[in-house]
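Subject: Handing over a structure

Dear colleague,

I am passing on the structure shown below, followed by notes on what was found in it. Please read the notes with the coordinates open beside you.

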Amino acid sequence: MLGDETIAALLAIWDEELSGERWAELRRALCQLVDQFQQSADDEARAEITMHITDLLRDTDLDLYRKLIAMRRAIRASTAQNRFSTRGMPSGEELAAVWQEIRAHEGETRSDGDGAGTQATAQRDDEPRFIRYTDISCPRYAQVGERITLTVALTMQQQAESVVKQAVHVSAGEVKVRLSAPGFELLSPAEQTVIIEPDADSAPVVFHLKGRTEGQHEIAVQFWQRGNLIATAFVPIEIVAIQPVFAPAIIPSIPVNARLGDARPPDLTLVVNHAPNGHTEFMVIGDGVVRFATQTMLAFEPRAFIQHVYKEIGLLQRGYDSVNEPRALATDQIERRIRTLGHLLWDRLIPPDLKAFYSRERARWRVEDAQDRRWSLLVQSNEADIPWELVRPYGEGDDQWEEGFWCETFYFARWLLKRPDTLTGYAPPPRLRLRALAAIVPTCYPELRAVPDEHALLRDLIARHRLADRSPARATEAAVVDLLEQGGFDWMHIVTHGAFLAESVLHSGALALEDRQWLACSVITGPRIRGKLHAERPAFILNACHAGRSAPMLSGASNWATHLIGSGAGMLIAPLWSVNDALATEFSRAYYDALLNRSQPATLAEAVWHARAAIRRPDEPTWLAYSLFAHPNATVTVTNEGG
């Protein structure tokens, strides 16, 4: 085929042009295009790539273009003297072998941490960054079973024809472009690479997909560099039964964290993209590359199952379960029931092929030899309800093994890809600032006996680190809303009752404030509050407690996560269900002690891990309740009020 001849001709003249005047600037773009050609199994895609190669040489270096054409003719006529074993057209295997030899010779193998077994590294502070603009093209509608094409590039200037004109801050080198497309059949690799040059646009990457079922779908276009997710674009595509009229997709701006390369990436990232029709995609990323990917159709509705899990946890807090109520359980029985819930989450939520992959690779993810370094795990999903922290893996049959809960095995964190009512997603910030703290502590709930101790802890924190105190004089609903609208704080810590209002379509999560009024999570809307969250990216801790309540109760934390993280907040720590107020205070104390340790400050996920360990009790699930929505390796910079 002409495409194979073009690649063969390019590789044949490769050594001749290493000293050419334009070769240095062309080499990276050509490396990227040949990589794409080798990765693609689609004939049309390969033809497009080789056409782009010839166009690139013709437009950039006419001498190189002429040499390419001459070598292509010589290969076709079997008269070429070149590096291949034959004068004619080499086999596909020989093409691949020669390309690997060229890559190895030039040292072009991945040096940004994407090689197998090599941990991706953070960006150096003195390394230059560049602004590039997303250039995405795709249809808005497609027919069931029809192949659609989505192209992605990063360019130096905004492209008028692009449906996205968002700035992305990147470093020179590779940027991974990955598609997450539940409900679609991928006809090309889900991950492709663009190369960022200091003075050139990237070559486009081309994805081919096929819609399986009718209805509204979303394709997540993710941009990764140095093992960190730096931006996500959610592309809406409607799959219809009849041939549609072409219309480009409308994609919103992509909020990007300009300094995400500063953070050490998670050791493992599990991306879970659940579509309304039941299709769910799982992708495991480690060392900057996709280690595993699968799509599955869940045979049940996760939300109903999770609600029963929460109800069971509430009963266990009181010493019962749904089978034995009202007969009280012994301590060892309660601990066993809690383990069983973790096993059930593993059974029901994790597909069989991912379980097999986990079983095969888990030895690498345990505490590492002499370093005693615990791995970090970030779960990114498009829902906030599933308690991924509680997943407890185990093996069956001849390979029997059992691990702890994910939140004790790993330095664990999670992140929400986006709110369900928007196409805008945020990347978790790698650094948080602690300069101005707002303590929200209502005083009208005497049943929360430990709350004054936690309030004293926060006042001491403000004084010891000379932080700006943004706490309202009284924690009324009006005062807290004013604070959210005005901004000016970078850390808000709330200590109170939390409630999950299952029957309300407006206020599914609420926090008790002064004068026995409630602050609903639905207040996090509109341009004032969401504008401040987007611009300032503050951190939130919602320590929603309970004190001997007679009924199990959810805190509504998943709804707060949806509203806060989905609107731009940089961190959220909150319990998914009501917790013991004395243990909640001890959690906060242990968390801040680890996070703000002067000699060895912990990352966000490390600090939460230490706080869990400090309050762990065999018959009390409070230690498992807390969710951390953040970058697991993010750190906190404390700046005093005068600094």
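Strands β11 and β12 form a hairpin in which four residues lie between the two strands, and Gly278 in its turn has a positive phi of about 100 degrees. Helices and strands here are DSSP runs numbered from the N terminus, a helix being H or I over at least four residues and a strand being E over at least two. This is a predicted model, in which local features need pLDDT of at least 70 and side-chain atom pairs count only at pLDDT 80 or more, while totals for chains, interfaces and linings use all residues. Residues are numbered from 1 along each chain as its sequence is written, and side-chain values use heavy atoms, with hydrogens and water left out.

Val271 has Met283 in β12 as its bridge partner. Six of the seven residues of β11 are buried, buried meaning under 20% relative accessible area, exposed over 50% and partly exposed in between, with a 1.4 Å probe and protein chains only.

Strand β11 (residues 268-274) also pairs with β14, in the parallel sense and over five bridges. The bridge partner of Leu268 in β14 is Leu377, and that of Thr269 is Leu378. Leu378 in turn stands opposite Ala413 in β17, and β14 and β17 (residues 411-416) pair in the parallel sense over six bridges. In β14 (residues 376-381), six of the six residues are buried; Ser376, Leu378 and Gln380 lie on one side and Leu377, Val379 and Ser381 on the other, so that both faces are covered.

Another open sheet of five strands has the order β2-β10-β9-β5-β7, and its pairing is mixed. Here β2 (141-143) and β7 (191-196) stand at the edges with a single partner strand each, so one side of each is left without a neighbour in the sheet. Neighbouring strands are turned by 30 degrees against each other on average, direction ignored. Strands β5 (residues 173-180) and β9 (residues 215-225) pair in the antiparallel sense over five bridges, and Ser180 has Ala220 in β9 as its bridge partner.

**Helix packing**

Helix α3 (residues 43-60) and helix α4 (residues 62-76) pack at an angle of about 140 degrees, with their axes 6 Å apart. Axes are lines fitted to C-alpha atoms, for helices over the stretch in contact, and angles run from 0 to 180 degrees between N-to-C directions. α3 and α4 are therefore oblique to each other, given that angles under 35 degrees count as roughly parallel, over 145 as roughly antiparallel, 65 to 115 as roughly perpendicular and the rest as oblique. Thr54, Leu57, Arg58 and Thr60 of α3 meet Leu62, Leu64, Tyr65, Leu68 and Arg72 of α4, contact meaning heavy atoms within 4.5 Å.

The axes of α11 (residues 477-486) and α12 (residues 526-536) come within 7 Å and cross at roughly 60 degrees, which makes α11 oblique to α12. Their contact is made by Leu484, Glu485 and Gln486 of α11 together with Arg528, Ile529 and Lys532 of α12.

In α12, Ile529, Arg530 and Leu533 are buried. These residues cover an arc of only 90 degrees around the axis, which puts them on the same side of α12; the arc is that of the directions from the helix axis to the C-beta atoms. The face of α12 turned away from its buried side carries the exposed residues Pro527, Arg528 and Ala535. After α12 comes Arg537, whose phi is positive, near 50 degrees.

**The chain as a whole**

The chain has 16 helices and 28 strands, and 58% of its 643 residues count as buried.

With best regards

Terms used: Pairing = 2+ DSSP bridges.
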